[in-house]
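Hello,

I am passing a structure on to you, together with some notes on what turned up in it. Please open it first and keep it beside you while you read.

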Amino acid sequence: MIESNKTAREIFHEVIANPERAAFGFGQKAILVNVDLQKAYTRTDLFKTAYETDPKQLEYVNTLARAFRALQWPVVWTHVAYMESGEDAGVWGTRTNTPDSLQNIKVGSQRAELDDRLELDRARDIFINKRMASPFFETNLQSLMVWHQVDTVIITGGSTSGCVRALAVDSLSRGYRTIVPIECVADKHESYHFANLTDMVLKYADVMPVKDVLSWLNSKGA
């Protein structure tokens, strides 16, 4: 094991600046999967479970969503919410039982609502209520991707170390080119955030500025 006194942020910037690192690259058609941009995790003024990394995160996400819709490419919004008993959280919901606990994000509650700052198209966008970390787990996401014939997954949301990373691993495992725009993902602590960005760029995804993703979308006619 390599030991280091560098911060996770410093290590990430060293890795991302390596010009010899080969990228997976973009494919021909993408899906935008926005992970759990719900008030429990975005409204720092309301809930202690919420967090913010880049203050313009939701603005960037809205810009990406508009570009996807212009191309008539799929836009997905996931959120976590559980039945009143919380039993659909399974073992994941057994470690604590407070008002802030995972299994107490109830279907229809304020904590489960997507952030009001998001630009949602209720007629065209796809909304998925997931129960576990990865949006692929026991949802219709895979069949939607087959139907839309996508080969690339663009990931936004949070947390970087949790559901975003889980999606990136599952996406690559299914053979998709996987892209994480840096400004569009967030976590509770910079150490978790940058350590997991580093791990993803080394193994599972291309991690890049959102402007590079938008440039690719524009090249497709968005």
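Let's begin inside: the largest cavity holds about 40 Å³ of space. On a 1 Å grid over the protein atoms alone, a cavity is a set of points where a 1.4 Å probe fits but cannot get out, while a pocket is an open set with protein on both sides within 12 Å along at least five of seven lines; lining residues have an atom within 4 Å of a point. Grid points are joined across faces, edges and corners, and a volume is the space filled by probe spheres set on the points. Rolling a probe the size of a water molecule over the atoms shows where empty space is left.

Before we go further, please note that this is a predicted model, in which local features need pLDDT of at least 70 and side-chain atom pairs count only at pLDDT 80 or more, while totals for chains, interfaces and linings use all residues. Residues are numbered from 1 along each chain as its sequence is written, and side-chain values use heavy atoms, with hydrogens and water left out.

Searching the whole structure turns up one cavity of 30 Å³ or more. Among the residues that line the largest cavity are V35, D36, Y41 and A186. Its lining is made up of five nonpolar residues, four polar and one charged. Here Ala, Val, Leu, Ile, Met, Phe, Trp, Tyr, Cys and Pro count as nonpolar, Asp, Glu, Lys and Arg as charged, and the others, Gly among them, as polar. Both α2 (39-42) and β4 (152-158) supply at least two residues of this lining. Helices (H or I, at least four residues) and strands (E, at least two) are DSSP runs, numbered from the N terminus.

The largest pocket has about 550 Å³ of space. It is lined by 23 residues, and Y41, T49, W92, D100 and L102 are the closest to its centre. The lining of the largest pocket divides into seven nonpolar, nine polar and seven charged residues.

Next, the strands. How many of the six residues of β1 are buried? Six of the six are buried in β1, and the count is also six of six in β2 (residues 75-80). Buried means under 20% relative accessible area, exposed over 50%, and partly exposed in between (1.4 Å probe, protein chains only). In β2, V75, W77 and H79 lie on one side and V76, T78 and V80 on the other. In β1, A30, L32 and N34 point one way, and I31, V33 and V35 point the other way.

These strands also pair, where pairing needs at least two DSSP bridges between two strands. β1 (residues 30-35) and β2 run parallel and are joined by four bridges; in this pair N34 is opposite W77, and V35 is opposite T78. T78 also has I128 in β3 as a bridge partner, and β2 and β3 (residues 126-130) are parallel, with five bridges.

One last stop is D88, in the loop between β2 and β3. D88 counts as buried because its relative accessibility is 18%. Its side chain makes a polar contact of 3.2 Å with that of R131. Such a contact is a pair of N or O atoms within 3.5 Å; within protein, one must be able to donate a hydrogen and the other to accept it, and residues adjacent in sequence count only if both atoms are side-chain atoms.

Enjoy exploring!
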